[in-house]
Amino acid sequence: MLDLRAQHLSIRAEVLAALERVVDSQYFVLGPEVAELECELAGYCQSPFAIGCASGTDALILALRALDIGPGDEVITVPFSFYATASCIALTGARPVFCDILPDTFNMDPAALEQTLERHPRAKAILPVHLFGACANMDAILALTQLRGIPVVEDAAQAIGAEDNHRRAGSIGTIGCFSFFPTKNLGGGGDGGLLTTRDAQIADRLRSLRVHGSKQRYYHEELGMNSRLDALQAAILRAKFPHLDRWTALRQAHAARYRELLAGTPVQLPAVAAHSNRHVFNQFTIRAPRRDELKAHLAQQGIQSETYYPLPLHLQQCFAGLGYREGDFPVSEAAARDCLSLPVYPELPREDLETVAAAIHSFYN
Ligand SMILES: Cc1ncc(COP(=O)(O)O)c(C=O)c1O
């Protein structure tokens, strides 16, 4: 699915030099390396402010905390995403309220959001996900939220550099949240995350919340977290960042090749909506009849594939207390049954794409 060693070999010297720089400086937490990364990524994400933190999960929690979300509040999100999209809401003490996705892009369905807002008019924030590297339809979402004055937190963990109507992921809503988990398009050497915002006050608050709610050492205005980005992570990310656009172009080229190679099979290829003008393909996810059998067939031929995500969030045991049932979000439930992600990492050899496609053809023939 992902060969991180192939990527590492191509940039090994740069990464080791970056690590050496930090170790020699003995400046390990925040500091100049993190500040430089924040500056570079603020530019890349077209946001005036970028704030590093310890993970994408923490970025989501910090974002909600900066919007004063807590017990008694409701936040609307989608059930077809990674667990952290909804757990972060519950971890602030607020209640996740789910709204279904679109069957072609797997992103928040604006019509479903409108209905959910009618039932939950006091929702304190909306949390759309830019799943698999494609932006949700932010104009349609903002048309509903701006009228009501509801902030939007973008879960852009999988979508660094993706664009929606020529605006970068993370720059469109109130706050953007990114992950540097090693499988992400810009992955670190462990956990890491980033927040982006256009609002100077929110940026200030986030900087304080990530260091124990403190602006001045040993004086704490509010309850914060220890969620700093390590200088070693920032240095690795800075070594990788200059390659990100090239890696993204390779992902896009692989996706285009899969489209050619998979024509004529019954699988549904990833839709690219008109508003989503830069899909960064963190995943190449098809909808496949007899998905589990296909996955087993690929595995037999030594081809890894992955099921993102086999159980929608509203049916997870940890959210049973929310009272949702099977059937509540049919589009998400169907996606969980038939989605399959194929290898699409930048260094994937071209012949491998052909091998994967041939195996899919042979399964359905
Ligand atoms: C959509 C989504 N949201 C949130 C996260 C959480 O990020 P992290 O693993 O860095 O905590 C991830 C990544 O794993 C993700 O894919």
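This is a predicted model: local features need pLDDT of at least 70, side-chain atom pairs count only at pLDDT 80 or more; totals for chains, interfaces and linings use all residues.
I count a residue as buried if 20 or more other C-beta atoms lie within 10 Å of its own.

**Entry: α3**
I checked how covered α3 is, and 11 of its 11 residues are buried. The list runs G56, T57, D58, A59, L60, I61, L62, A63, L64, R65 and A66. I noted that D58 and R65 are on that list too.

**Entry: the ligand**
Which residues sit closest to the ligand? I found 15 residues around the ligand, with S55, G56, T57, A157 and S179 the closest. I then asked which elements give two or more residues to this shell, and got α3 (56-66) and α4 (84-91). So much for location; next I sorted the shell by class. It has 5 nonpolar, 8 polar and 2 charged residues.

**Entry: the whole chain**
I stepped back to the overall fold and counted 12 helices and 13 strands. The radius of gyration is 20 Å, close to the 21 Å that the globule rule gives for 365 residues, so the protein is as compact as a globular protein of that length. I also took the spans of the C-alpha trace along its principal axes: about 70 × 55 × 35 Å. Of the 365 residues, 49% count as buried. For contacts between residues at least 6 apart in sequence, I got 70% joining residues at least 24 apart.

**Entry: α9 against α12**
I looked up how helix α9 (residues 244-261) meets helix α12 (residues 350-364). Their axes come within 10 Å and cross at roughly 35 degrees, and the crossing is right-handed. On the α9 side I listed H254, R257, Y258 and L261; on the α12 side, L353, E354 and A357. By class this contact divides into 4 nonpolar, 1 polar and 2 charged residues.

Most residues other than glycine have a negative phi, and most peptide bonds are trans. I went looking for exceptions.

Where does F106 sit? I found F106 in the loop between β3 (95-98) and α5 (110-119). Its phi is near 65 degrees, positive in a residue other than glycine. F106 has 27 other C-beta atoms within 10 Å, so I put it down as buried.

F132 also went on my list: its phi is positive, about 65 degrees, although F132 is not a glycine. I placed F132 in the loop between β4 (125-127) and α6 (138-148). Buried or exposed? With 24 C-beta neighbours inside 10 Å, F132 counts as buried.

For peptide bonds, I noted the one from Y308 to Y309, which is cis with omega near 5 degrees. Y309 lies in the loop between α10 (291-300) and α11 (330-338).

**Entry: E118**
How many C-beta neighbours does E118 have inside 10 Å? I got 8, so E118 counts as exposed; the cut-off for that is 12 or fewer. I also took the distance from E118 to P312: the two are 194 residues apart in sequence and 23 Å apart in space, C-alpha to C-alpha.

Technical notes
Residues are numbered from 1 along each chain as its sequence is written. A residue is near a molecule or strand if its C-beta atom, placed from the backbone, lies within 6 Å of it. Helices (H or I, at least four residues) and strands (E, at least two) are DSSP runs, numbered from the N terminus. Ala, Val, Leu, Ile, Met, Phe, Trp, Tyr, Cys and Pro count as nonpolar, Asp, Glu, Lys and Arg as charged, and the others, Gly among them, as polar. The radius of gyration is taken over C-alpha atoms; the globule rule is 2.2 Å times the number of residues to the power 0.38. Two residues are in contact if their C-beta atoms, placed from the backbone, lie within 7 Å. Axes are lines fitted to C-alpha atoms, for helices over the stretch in contact, and angles run from 0 to 180 degrees between N-to-C directions. A crossing is left-handed if the near helix is turned anticlockwise from the far one by less than a right angle, and right-handed if clockwise.
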